[in-house]
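Subject: Structure handover

Hello,

Below is the structure for your files. My notes on it follow.

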Amino acid sequence: MRNSNNGQIGMGGFNILPAGVKNLLIINTLLFFATVVFSRAHICDLNQWLGLHYFIAPDFKPWQIITYMFMHGNFGHLFFNMFALWMFGAAVENAWGTKKFLIYYLITGIGAALTHYGITYAEVAPTLSLVDQFVSSPSLETYRYLVENNSVAQLQQPFQNNLMVLQSNPDSLNDLVTATLNIQNSYLNSFVLIGASGAIYGILLAFGMMFPNNTIYIYFLFPIKAKWFVLIFGLLELVYGVLGTADGVAHFAHFGGMVFGLILILLWRRHERQNSQQNFYNFNDNRDVDRSHWRWPFQKKENATSRKSKYYVSTESGRPLSDEDFNARRQAEKERIDQILDKISKKGYDALSAEEKELLFHYSQK
């Protein structure tokens with residue numbers, strides 16, 4: 001796949017349904033229908049078993065950090081996530097390859113969950129600390145302090161009711177400890193994160209960074225460049241998360257998927273840039289002063305038979321090349337690398353075009 005100058009994705013070698021995207025679509029769809037069937041048959045609620053609970057909740061299981069991103073609450077939730085996965089993920093996977101794409105997908109999904117529950121921890125930690133204080137030193141005073149300083153709205157009424165019971169019956173203190181822990185555990189178990197949205201937002205970010213000038217049509221009508229589309233959606237998720245909208249959507253998870261995606265892409269780009277520079281230095285250190293006797297680092301000693309099989313075949317006709325044609329091609333390649341190295345010596349490595357960097361890297365690997 002190529003990204004042409006006009007910002008459109010070239011279709012050379014483009015797979016409209018690459019392996020990674022295809023398998024993710026299948027897994028998500030199968031698990032959704034399994035959830036529906038199991039629920040209607042009263043077997044179990046897969047969303048409760050495979051959805052991600054808060055990390056200190058009694059119902060939390062380690063596998064949920066992965067399985068949660070394959071679960072969905074309803075058909076609309078599934079459809080829009082899978083449509084976005086195909087729409088943006090196919091282009092990203094074609095550019096990266098399946099292995100890198102799936103690694104990115106899983107890491108951004110995990111990052112989304114960590115972000116979501118990191119924010120949750122900041123919200124509930126003060127109240128949980130007050131509960132721990134009461135349990136370690138149960139008394140009317142510590143419970144009253146808990147009720148007065150509780151910051152979780154959902155827990156205020158049950159705690160208030162228990163305080164009234166304790167004030168009217170001081171002997172119920174031991175029972176109140178158990179009741180308070182049950183209220184806390186029930187509240188923590190109520191957090192269940194499901195959906196691929198965090199990873200999808202990570203894919204959206206990758207698409208915007210790789211194809212910033214591609215046109216996206218919002219509601220199939222309103223055109224907008226991918227880079228602005230990603231920026232707007234990222235800011236909206238941050239704003240919605242900060243405002244705390246009661247729409248049942250994990251906005252911070254979406255934002256977290258984009259943040260982890262950005263960090264991962266920048267780390268990969270830095271690693272690739274360092275490798276390219278290192279390959280150049282290794283390549284440059286092997287040059288002789290007299291270029292007519294240049295010993296290329298990637299050039300192997302060959303006998304006539306191996307050289308014919310490797311070099312003497314024309315990629316255009318498939319027929320063997322003559323000695324003159326072979327030497328001419330090799331000389332042209334050498335002169336092209338000479339030009340690139342001269343450009344580096346005058347303007348530096350960063351002055352090279354993407355094509356020149358790729359050519360230099362290609363020859364340094366041989």
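The protein has 14 helices and six strands; helices (H or I, at least four residues) and strands (E, at least two) are DSSP runs, numbered from the N terminus. This is a predicted model, in which local features need pLDDT of at least 70 and side-chain atom pairs count only at pLDDT 80 or more, while totals for chains, interfaces and linings use all residues. Residues are numbered from 1 along each chain as its sequence is written, and side-chain values use heavy atoms, with hydrogens and water left out.

Overall figures

Of the 366 residues, 38% count as buried. Buried means under 20% relative accessible area, exposed means over 50%, and partly exposed is in between (1.4 Å probe, protein chains only). The accessible surface of the protein is about 21,100 Å², and carbon and sulfur atoms account for 59% of that. These areas come from the Shrake-Rupley method with a 1.4 Å probe; for residues, only the protein chains shown count as cover. Contact means heavy atoms within 4.5 Å. Among contacts between residues at least 6 apart in sequence, 64% join residues at least 24 apart.

Helices α1 and α4

Two packed helices are described by the angle between their axes and the distance between the axes. Helix α1 (residues 19–40) packs with helix α4 (residues 75–96) at an angle of about 170°, and their axes are 9 Å apart. Axes are lines fitted to C-alpha atoms, for helices over the stretch in contact, and angles run from 0 to 180 degrees between N-to-C directions. On the α1 side the contact includes Ala19, Val21, Leu24, Leu25 and Phe32, and on the α4 side it includes Phe75, Leu78, Met82, Leu85 and Trp86.

Leucine 25 belongs to α1 and counts as buried, because its relative accessibility is 19%. Leaving aside residues up to four places away in sequence, leucine 25 touches Leu17, Met82 and Leu85. Its C-alpha atom is 9.6 Å from that of leucine 78, which is 53 residues away along the chain. Leucine 30 is also in helix α1, but leucine 30 is exposed, with a relative accessible area of 57%. Between leucine 30 and phenylalanine 70 there are 9.4 Å, C-alpha to C-alpha, and 40 residues in sequence.

Other sites

Histidine 42 sits in the loop between α1 and α2 (46–50). It is not a glycine, yet histidine 42 has a positive phi of about 55°. Histidine 42 counts as exposed, at 73% relative accessibility.

Threonine 115 is in helix α5 (residues 98–136). At 19% relative accessibility, threonine 115 counts as buried. With residues up to four places away in sequence not counted, threonine 115 touches Phe252, Gly256 and Phe260.

Proline 170 is in the loop between α7 (153–168) and α8 (173–189) and is exposed, with a relative accessible area of 56%. Proline 170 and serine 139 are 9.0 Å apart, C-alpha to C-alpha, and 31 residues apart in sequence.

On the surface, Trp228, Leu231, Ile232, Leu235 and Leu236 form a nonpolar patch with about 470 Å² of accessible area together. Patches are made of residues with over 30% relative accessible area and no salt bridge, with like charges joined within 9 Å and nonpolar side chains (Val, Leu, Ile, Met, Phe, Trp, Tyr) within 5 Å. A salt bridge is a side-chain nitrogen of Lys or Arg within 4 Å of a carboxyl oxygen of Asp or Glu. Leucine 236 lies in helix α10 (residues 226–243) and is partly exposed, at 34%.

Regards
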